[in-house]
Amino acid sequence: YLRITFGEDSQRYKMINQAISMRRIVFLFEGLEDAGTFSEPIGRLIQEFVMDRHLLVLTSRPLLVGQSTLSTMSEELREYMATFNLGPLSTNQKRLIAHSRLGDRIS
């Protein structure tokens, strides 16, 4: 993707490629529940990144059993991962966020 988008001889491609090789990149995979038919290849890519000790942030709503290869990652991979389950925000938490973003413009 990077080679096609920026060109192999571009400074941007070289900089990103070097940062990846030095493990100075954070990969963000957002909305994994929407991967659909790409779930398997994305899961393999994530596993490869984890094994290579890259830093990743993955977000997903709860997945159905068998919906993603992420649910079948080996225990060996899981030792390098931290998993968090976030619950819904309370009404008070929602108000605090709205006030922090909008200030006095909301009632």
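Analyst: V57 lies in strand 2; helices (H or I, at least four residues) and strands (E, at least two) are DSSP runs, numbered from the N terminus. This is a predicted model, where local features need pLDDT of at least 70 and side-chain atom pairs pLDDT 80 or more, while totals for chains, interfaces and linings use all residues. Residues are numbered from 1 along each chain as its sequence is written, and side-chain values use heavy atoms, without hydrogens and water.

User: Is V57 buried, partly exposed or exposed?

Analyst: Buried means under 20% relative accessible area, exposed over 50%, and partly exposed in between (1.4 Å probe, protein chains only). V57 has 38% relative accessibility, so V57 counts as partly exposed.

User: How many aromatic pairs does a search of the whole structure find?

Analyst: Rings of Phe, Tyr and Trp (its six-membered ring) pair if their centres lie within 6.5 Å; planes under 30 degrees apart count as stacked, over 60 as edge-to-face and the rest as tilted. The search finds 2 aromatic pairs. The ring centres of F27 and F49 are 4.1 Å apart and the planes are at 15°, so this pair is stacked. F27 belongs to strand 1 (residues 26–29) and F49 to helix 3 (residues 39–51), 22 residues apart, so the pair links distant parts of the chain. Both F27 and F49 are buried.

User: What about the rings of F29 and F49?

Analyst: Their centres are 6.3 Å apart with planes at 45°, so the pair is tilted. F29 is in strand 1 and F49 in helix 3, 20 residues apart. F29 is buried, as is F49.
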